[in-house]
Amino acid sequence: MRRWLVLAACMAAGGAFGWWAAAREGLPWGLLLGAAVWQLLDTLAARRLLQWLRSEQTHETPVPMTGAQPRLPGVWSEVADRVRRLLKKRDQQYQGNQARLEEFLAALQASPNGVVLLDAQGRIEWCNQPAAQHFGFDARRDLQQHIANLVREPIFKAYLAQGDFSRELAISGHASTPTRPVKLSVHVSGYGDNRRLLLSRDITAVEQAEAMRRDFVANVSHEIRTPLTVVAGFIETLQNLPLKKAERERYLALMAQQSLRMQTLVYDLLTLSRLEGSPLPGAGEWAAVNTLFEQCEQEARALSSMLAPQGHELAFESFPVCEITGNASEIRSAFSNLVSNAVRYTPGGGLIAVSWTVLADGRGQFQVRDSGPGIAPEHLPRLTERFYRVDRSRSRETGGTGLGLAIVKHVAQRHGAALEITSQIGQGSCFSIVFPASRVRQL
Ligand code: ADP
């Protein structure tokens, strides 16, 4: 409405001017001049509006409006106002979307699993830090690179090319070396417009656990099969052959020996599984170290006289009355495993010294030293692995299961203690369990 009033005012002023200049003949020219002036003013206003809009839209992505809105006459002011509001709304929406996208990417970044977004051609659009580590990408530099150029494992290339992503694929990680293999599980899923989402997970620990489980089952089966075959063979002989009494008794003694071997194995396996499955021993009950020591000594003397006719020189050093807190039967089993190992692996006549010392910082050290054959350094880190044996035949001959030191290590760990082993070939061995000061008290 105002626009037309301005036009009328311009024309009236033009008409008056025309009348003043040339009376009746000047009137139409005056009106025309008034309309032209109005048109000129209107065009200038439209131009200012256009200039302002252009200056606001020079950015590729919307940014908040910076330039001040120009003061325009009439309808142009309203046009400018409405455009400004529309642009402001669009900017706010864009900022909101941008913030949500950043939050979403931050969440993906925090994932422990690798996440890679691929475009329809298989080029990397985005990847998080775990994925960069898994595959050895540079999260910035390698954007827009084709994934198959960076992950060069042939099975991965075949998996991508095949397009059947119904299953996961296991491949070696970027940091994998022959001595420290790293295994990754990768899974691709399609989304959006032919895009793909690649997830990667470090499964090294799972694979190792699975390999250990397989080895463990194979070892247990092997350990049980050998005595079982022997016992089955003797049973068949006893059933089919008319044996003399002495022979039969010898066979029965051998069968008893083999079944004892199986019994010991099952006992050790149960001990291990109890140690793994039961809650950590608290610090409520106190056991006298002297009592544990005496039991160990009796066992050691019995075993020594059984294994070596001339026996061993056994030195159980005395010490002030002391107590230790934890699970007494677990601690006894750990102590007696170390002492019985010393007796079993030290030839008859050798020296075995067992001691208990409260160290200057209050820690308690149970130590077994022997003058046996000693252990080569390459075996030392593996001694506590289940079924790991250095001297396989000596272990079997003396009723070993290959689980003794694994049990000792477990018991030590459960009591916050450390198992320390030092040994040199020909110089004997020294096994110590060092308990934290909080578990030891002197009376
Ligand atoms: P095992 O039942 O075979 O003795 P352990 O786990 O107790 O199993 O010990 C693992 C291996 O460590 C043994 O097979 C043996 O070769 C070696 N070993 C353990 N203690 C001694 C020792 N005192 N002297 C020499 N070798 C030892």
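Residues are numbered from 1 along each chain as its sequence is written. In this predicted model, local features need pLDDT of at least 70 and side-chain atom pairs count only at pLDDT 80 or more, while totals for chains, interfaces and linings use all residues; side-chain values use heavy atoms, without hydrogens and water.

Helix H1 covers residues 2–56 and includes Leu44. Helices are DSSP runs (H or I, at least four residues), numbered from the N terminus. Leu44 also belongs to a nonpolar surface patch with Phe17, Trp20, Leu33, Val37, Leu40 and Leu41, and together these residues have about 750 Å² of accessible area. Such a patch joins nonpolar side chains within 5 Å, from residues with over 30% relative accessible area and no salt bridge (a side-chain nitrogen of Lys or Arg within 4 Å of a carboxyl oxygen of Asp or Glu). Areas come from the Shrake-Rupley method with a 1.4 Å probe.

Two residues count as partly exposed, a class between buried (under 20% relative accessible area) and exposed (over 50%).

| Residue | Relative accessible area |
|---|---|
| Leu44 | 46% |
| Gly136 | 35% |

H1 packs against helix H2 (residues 74–110) at an angle of about 10°, with the axes 8 Å apart. The two helices are therefore roughly parallel (angles under 35 degrees).

Gly136 lies in the loop between helix H3 (129–135) and helix H4 (147–150). Gly136 and His174 are 38 residues apart in sequence, and their C-alpha atoms are 5.4 Å apart. Leaving out residues up to four places away in sequence, Gly136 touches Ala131, Asp142 and His174.

Methods:
Patch = residues over 30% accessible without salt bridge, like charges linked within 9 Å, V, L, I, M, F, W, Y side chains within 5 Å. Buried < 20%, exposed > 50% of the residue type's maximum accessible area, 1.4 Å probe, protein only. Axes fitted to C-alpha atoms, helices over the stretch in contact; angles between N-to-C directions. Parallel < 35°, antiparallel > 145°, perpendicular 65-115°, else oblique. Contact = heavy atoms within 4.5 Å.
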